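Welcome! Here is a short tour of one structure, taken a piece at a time.

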Amino acid sequence: MANGMISENDVNILDLPTIHIDFEGEFLASCGLSNQVELLDLCHEYFKDWFANRYTLQGFAKKYADKHISLWTTQEVELPESIDSHPFFAFVIRFDDLVDSYVLVQCQLAAQDKVH
């Protein structure tokens with residue numbers, strides 16, 4: 001299933017325990033594709049809704065699944081060290097209807113539920 005930044009070892013966010021991001025922490029979206037401006041502009045409206053409603057990662061993924069957007073873990077980036085108690089997390093937003101179209105997001109976590 002390798003697709004750009006998504007490899008066979010990556011996992012759909014919907015298959016993970018609930019993840020809460022720190023909406024007051026650092027948040028970075030980037031893209032190295034030739035259509036990066038369009039993809040980042042597309043994400044902007046989704047991000048505004050996400051921050052306004054403070055969805056978990058899974059809540060965000062569920063809300064926009066009908067828009068053919070999926071969220072995936074990624075092993076392709078080295079995360080910065082946290083200077084507080086909120087670790088960094090990276091994931092990829094993939095636009096499933098578009099060929100090789102993804103945006104890398106790095107953010108800080110507020111909490112992550114544990115697997116029982």
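This is a predicted model: local features need pLDDT of at least 70, side-chain atom pairs count only at pLDDT 80 or more; totals for chains, interfaces and linings use all residues.

## Helix 1

Spanning residues 36-53, helix 1 holds 18 residues and reaches 25 Å from its first C-alpha to its last, close to the 26 Å expected at 1.5 Å a residue. At His44 the helix bends by about 25 degrees. Just past the end of helix 1, Arg54 adopts a positive phi of about 55 degrees.

The buried residues of helix 1 include Leu39, Cys43, Tyr46, Phe47, Asp49 and Trp50.

Strand 3 covers residues 69-73, and five of its five residues are buried.

Strand 3 runs antiparallel to strand 4 (residues 88-95), and five bridges join the two. Follow Leu71 across and you will find Ile93 as its bridge partner in strand 4.

## Aromatic pairs

Across the whole structure, a search finds twelve aromatic pairs. One of them is the tilted pair of Phe47 and Trp50, at 6.2 Å centre to centre with 40 degrees between the planes. These two residues are separated by about one helical turn, because they sit three residues apart in helix 1.

Trp50 also pairs edge-to-face with Phe91, at 6.0 Å centre to centre and 70 degrees between the planes. This pair links distant parts of the chain, with Trp50 in helix 1 and Phe91 in strand 4, 41 residues apart. Trp50 is buried at a relative accessible area of 0%, and Phe91 is buried at 0% relative accessibility.

Phe47, Trp50 and Phe91 belong to one aromatic cluster, whose members also include Phe23, Phe27, Tyr46, Phe51, Phe60, Tyr64 and Phe89.

Conventions:
Residues are numbered from 1 along each chain as its sequence is written. Side-chain values use heavy atoms; hydrogens and water are left out. Helices (H or I, at least four residues) and strands (E, at least two) are DSSP runs, numbered from the N terminus. The expected span of a helix is 1.5 Å times one less than its number of residues. The bend at a residue is the angle between axes fitted to the seven residues ending there and the seven starting there. Buried means under 20% relative accessible area, exposed over 50%, partly exposed in between (1.4 Å probe, protein chains only). Two strands pair if DSSP finds at least two bridges between them. Rings of Phe, Tyr and Trp (its six-membered ring) pair if their centres lie within 6.5 Å; planes under 30 degrees apart count as stacked, over 60 as edge-to-face and the rest as tilted.
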